[in-house]
Amino acid sequence: MHFHARVLVYFDTIRRSGSIREAARRLNIASSAVNRQLLQIEESIGHPLFERMPRGLRLTPAGEVFSRHVTTVLQDVQRLESELDALRGIRRGAVSIVSAEGLASAFLPALIATMAQRHPQVRMLARTDGSAASARSVIDGDADVALVFSQPRHEALHQFAVGRFGLGAVVSPTHPLATQKSATFAECAKHPLILAAPGLSIHDSMRPLIAHSRRPLQVLLETASIELMKQLAALSLGVAFQTRLGLERELREGTLVHVPLRGTAGLYSELGVYGRAERSQPPAVDAFIRIAEEEIARRAAEEE
């Protein structure tokens, strides 16, 4: 379907690519043609849409405004196509998912498996990123759905569901903390710590505890990799921190132990499913969101 102007696709590709040359390569047309279309848009609007930087292009304030309009128009076209397909009885479509890395081991696969069973003709695209970056992908129109932890409110994001999951110390079965039913952060701080780097929601959740620690911390490693944190904890090299989400296999196999943190009110992480605000969701996206809502509710009930 080509109900939308070609120039909007050109602009969106330039925005995503960060350069005219790369946009031309993706569109399989000459760079001069892409540049000409961009100049025509800027002339019509009366404002430059990109700043020409030494290492590529960056949106101007006018470009940010125009970008939001373009994203809405192109997503509405996708929704229209999906709804017309539904009227024809064709159960197909696509959903683009971005999730926090820690959900990729069990939570996200469970959602994909349910979606594939209920709607086998829907095509899914999935990738992982930090929670903040994942939410940004939905805002920018680069993904339909984000499954992320502890996101602040944003006018461009709609939260469809949320569940609270308690943080805990993650240790090997041989670690001194492994036999405890719960632990304070002070007890954890007696051992080497494996901490989440900025950009991960766990970092923000743990920051108040770290800031108010009464003893110097022995930090073995700070990393943005959930998998690396788990591996180091399993080797008994230190204490990591996480919710039970993402530890399903390790807890089942007994290679890691999750010891709930106590002594601080509100020490939890909120898992939410998010879509872009101010738009109705295409049928395939809506179906995936409903499945995510069901799974979050089920896991949250187990947590309680």
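How many bridges join β5 to β12, and do these strands run parallel or antiparallel? The answer is 4 bridges, and the two strands run antiparallel. The legends below visit this pair and its surroundings. The structure is a predicted model, in which local features need pLDDT of at least 70, side-chain atom pairs count only at pLDDT 80 or more, and totals for chains, interfaces and linings use all residues. Residues are numbered from 1 along each chain as its sequence is written, and side-chain values use heavy atoms, with hydrogens and water left out.

**View 1. An open sheet of 5 strands.**
Follow the strands in the order β4-β3-β5-β12-β6, and you will find that the pairing is mixed. Strands here are DSSP runs of E with at least two residues, helices are runs of H or I with at least four residues, and both are numbered from the N terminus. Two strands count as paired if DSSP finds at least two bridges between them. At the edges sit β4 (122-129) and β6 (157-166), each pairing on one side only. From one strand to the next, the twist averages 15°; axes are lines fitted to C-alpha atoms, for helices over the stretch in contact, and angles run from 0 to 180 degrees between N-to-C directions.

**View 2**
Strand β3 (residues 93-100) runs parallel to β5, joined by 3 bridges. Val 98 has Ala 146 as its bridge partner in β5, and Ser 99 stands opposite Leu 147. Leu 147 also has a bridge partner in β12, namely Val 273.

Helix α5 (residues 107-118) lies across β3, β4, β5 and β12 (268-276), running at about 175° to β4. Helix α11 (residues 283-303) lies across β3, β4, β5, β6 and β12, and runs at about 20° to β6. Now find α6, where Ser 131, Ser 134, Ala 135, Ser 137, Val 138 and Ile 139 are buried. These buried residues pack against β3, β4, β5, β6, α8 (201-211) and β12, with contact meaning heavy atoms within 4.5 Å. After α6 comes Gly 141, whose phi is positive, near 80°.

**View 2. Asp 142 meets two arginines.**
A salt bridge is a side-chain nitrogen of Lys or Arg within 4 Å of a carboxyl oxygen of Asp or Glu. The side chains of Asp 142 and Arg 15 form one (3.6 Å, N to O). Asp 142 lies in the loop between α6 (131-139) and β5 (145-149) and Arg 15 in helix α1 (residues 6-17), so this pair ties together parts that are 127 residues apart in sequence. Asp 142 also meets Arg 16 in a salt bridge (2.4 Å, N to O), and this pair, too, links distant parts of the chain, 126 residues apart. Asp 142 is partly exposed at 29% relative accessibility, Arg 15 is buried at 15%, and Arg 16 is partly exposed at 39%.

**View 3. A network of salt bridges.**
Here Glu 227, Lys 230, Arg 249, Glu 250 and Glu 253 are linked. Within this group, the side chains of Glu 250 and Arg 249 meet at 3.2 Å, N to O. Glu 250 is buried, at 5% relative accessibility, whereas Arg 249 is partly exposed, at 40%. A search of the whole structure finds 24 salt bridges.

**View 4. A nonpolar patch on the surface.**
Leu 220, Leu 235 and Leu 237 form this patch, with about 290 Å² of accessible area together. Patches are made of residues with over 30% relative accessible area and no salt bridge; like charges are joined within 9 Å, and nonpolar side chains (Val, Leu, Ile, Met, Phe, Trp, Tyr) within 5 Å. Accessible areas come from the Shrake-Rupley method with a 1.4 Å probe, and for residues only the protein chains shown count as cover. You can find Leu 237 in the loop between α9 (226-234) and β10 (240-242). Leu 237 is partly exposed, with a relative accessible area of 40%.

Note on methods: Buried means under 20% relative accessible area, exposed over 50%, partly exposed in between (1.4 Å probe, protein chains only).
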